[in-house]
Amino acid sequence: MQSKKEFLNTLLSINSNYDVDLIGRALDKAMELHTGQMRKSGEPYIIHPMSVAVILAQLGMDEATIIGGLLHDVVEDTDYTREELVNDFNEEIALLVDGVTKLGAIKFDNKEEAQAENLRKMFLAMSKDIRVLIIKLADRLHNMRTLQFMTPEKRKEKAQETLDIYAPLASRLGIYTIKFELEDIALMYLKPDEYTQLSKEITAKKNQREEFINQTMDEIKDAMKDMNLKYDITGRSKHIYSIYKKMKLQDKQLDEIFDLTAIRIIVETVRDCYAVLGIVHTIWKPIPGRFKDYIAMPKANMYQSLHTTVLGDNGEPFEIQIRTYEMHRVAEYGIAAHWKYKEGKSGKNSNSEDMKLAWLRQTLEWQQELNDPKEFLDTLKMDLFSTQVFVFTPKGEVIDLPSGSTPLDFAYKIHTDVGSHCVGAKVNGKMVTIDHALQNGDIVEIVTSSNSSGPSVDWLKIAKSSSARNKIRQWLKRENKGDDVAKGKDVLDKSIRKKGLDPQLVAKSGSINKAVKEFLYSNSDELYTQISRGGTVLSKVANFLIKLHTDEVNAKKDESKEEVIESINKVDKRPRKNDDPGITVKGGLDNLMIRTARCCNPVPGDKIIGFITKGRGISVHRTDCPNIISLPDEETSRLIEVEWEDMKPGKSYDVDITVITGDRKGIFSDISRACEDMDIHIAGVNAKPRGDDTLKITLTLSIASTQHMQKIQRILRNLQGIISVYRG
């Protein structure tokens, strides 16, 4: 543990402008209040707030934030009151501490509700001062660094929460130094075996990567000798979670991911950025569709940089990032960069800060409308994780929206009235429906009508941005459309939830007449009146719905697997077809007709499960097939164990392989030749442009096993211009 002198010297080594007398007084108070308190590790508790303060200093935060970090637990964990905090320090520091303090005095029905309310409180505090969240992120980072002292259950719970909420929040604020470390630590506890194996594989090739980076940087330096520019150049490896996520999304092994490294070039001006980009593209060939100009169109967190992926001399792609020194500072520290000291003064810029926090203001708007904790958390996660799509107005103005947005989101981003009177849209000069998914670079023109009837409840499903959905809800409330339905549903669902059941599951019950439900929901005012008078109408309604649901589920369970099989045997006692899929049903039921499911096309080597259909034998799926994963509980009795027989020579299976490639001449003949060399029959081809000079090609290949499939995938990935290859 550091002494007070060592701690203050650490802060001064980071920034010599800090008022260490003021910070020292806060440390004395924190030490006094936390005396006798210990952490799970057995160390004095004061180590935690001191560590949080150092993290905040490394981010370049001001004295008030560092003091807030030192005192962030005193109101929650000691007898020290907010009033005493104001008297000893000031209202500014009290606001920061209060914003980080959890809602400890309030009792909640479940952890989800408590988590939602704590996040609501934090967001409200953030709206007054964003430093609340920066303290919270520093607090979470140190807790994650010492997570090994918690119970295994608590480790996983905190790691998942970090991955779901806090790492995306750090990303939204542009504080990538914290985001990357939070993600890596969370992965270490959520997937320990995969994390350890991946770390070993990455370390094993460290020397090889460093040699490649050094050689690449030397080539860039040689090319820039005559440019007379001041610049810094560095090489870096992707962090482990980023590599892990890419492997999972693209179903690749580590040796199939080539862009594990990136070269970063930092220059003085925007003009220099584009000049260096030109030099880079003269040395190496850029891959079509992999150039991103975040300088012209910054990310939502105001991140700016040029990203280009090029083909190296060895034929493997790697990424180069080009940015100014100021852009780099913002990229590392995000909004925290606004508290960096410049010549002894804070560099805080309110206008830039307002731009960065536009998403926060939107969040504060829609979160007030959401009463269900689960809905609040799900919407928050969706909003945090959403990537951006950049589109243009007809006049050339850039509009940024969440990925997957529709013309409806665009219309509401322009103006509420434009959205409410939207009847259609033109995208790139062509008429489209309001649920059309927008792509980067689209030019969007909204068609409005004064005779429009306005938003409907269905628009809530079409709009993807929380801002648009919030404006639609507000319109529906003003027009009294859907409001009663929503209120009645909220009241009824809450009652059902108290019975220990899931309202959505109950609502799926086929025995419940839709008209009856709608009548109950739309007469919510009467239900509220009954509640206020102590009536039992609501309870009776809830019990009625639950009884119907329970009876239906029990009836499904009573239908045993043997009865299901017997019913199928009556219609499916027929010999196997000549196109025997080579699958055995466990339990001696081989006389049933068996077929592989077309939704997931399993092949030997895949883990499989059988589903007993009604009248069509057994359908065999991959165990990770979405149709199997989302199977209702009452249908799981139809699942049956199956297994592959020994591989038969000459037997083949159709499987879909997707290829993303640059649109170049000869690509189809190269793909065809690769398949021909492996004696693989191409049963079908479907290709379509993606709007960014790339093609999406879906190949239906006849292959013998997963090993056979993986081999052709590796060969295709090595073809010139291929960006990615994956199954499905």
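Lys 395 sits in the loop between strand 9 (388–392) and strand 10 (398–402). This is a predicted model, in which local features need pLDDT of at least 70 and side-chain atom pairs count only at pLDDT 80 or more, while totals for chains, interfaces and linings use all residues. Residues are numbered from 1 along each chain as its sequence is written, and side-chain values use heavy atoms, with hydrogens and water left out. Helices (H or I, at least four residues) and strands (E, at least two) are DSSP runs, numbered from the N terminus.

**Two residues to look at**

- Lys 395 has a relative accessible area of 85%, so it is exposed (over 50%; buried means under 20%, with a 1.4 Å probe and protein chains only).
- Thr 706 belongs to helix 32 (residues 706–717), and its 7% relative accessibility makes it buried.
- Beyond its neighbours within four places in sequence, Thr 706 touches Val 603, Pro 604, Gly 605 and Asp 606 (contact means heavy atoms within 4.5 Å).

**Helix 1 and helix 2**

- Helix 1 (residues 4–14) packs with helix 2 (residues 20–33) at about 140°, their axes 11 Å apart.
- From helix 1, Lys 4, Phe 7, Leu 8, Leu 11 and Leu 12 meet Val 20, Ile 23, Gly 24, Leu 27 and Asp 28 of helix 2.
- By class, this contact has 7 nonpolar, 1 polar and 2 charged residues (Ala, Val, Leu, Ile, Met, Phe, Trp, Tyr, Cys and Pro are nonpolar, Asp, Glu, Lys and Arg charged, and the others, Gly among them, polar).

Definitions and conventions:
Axes are lines fitted to C-alpha atoms, for helices over the stretch in contact, and angles run from 0 to 180 degrees between N-to-C directions.
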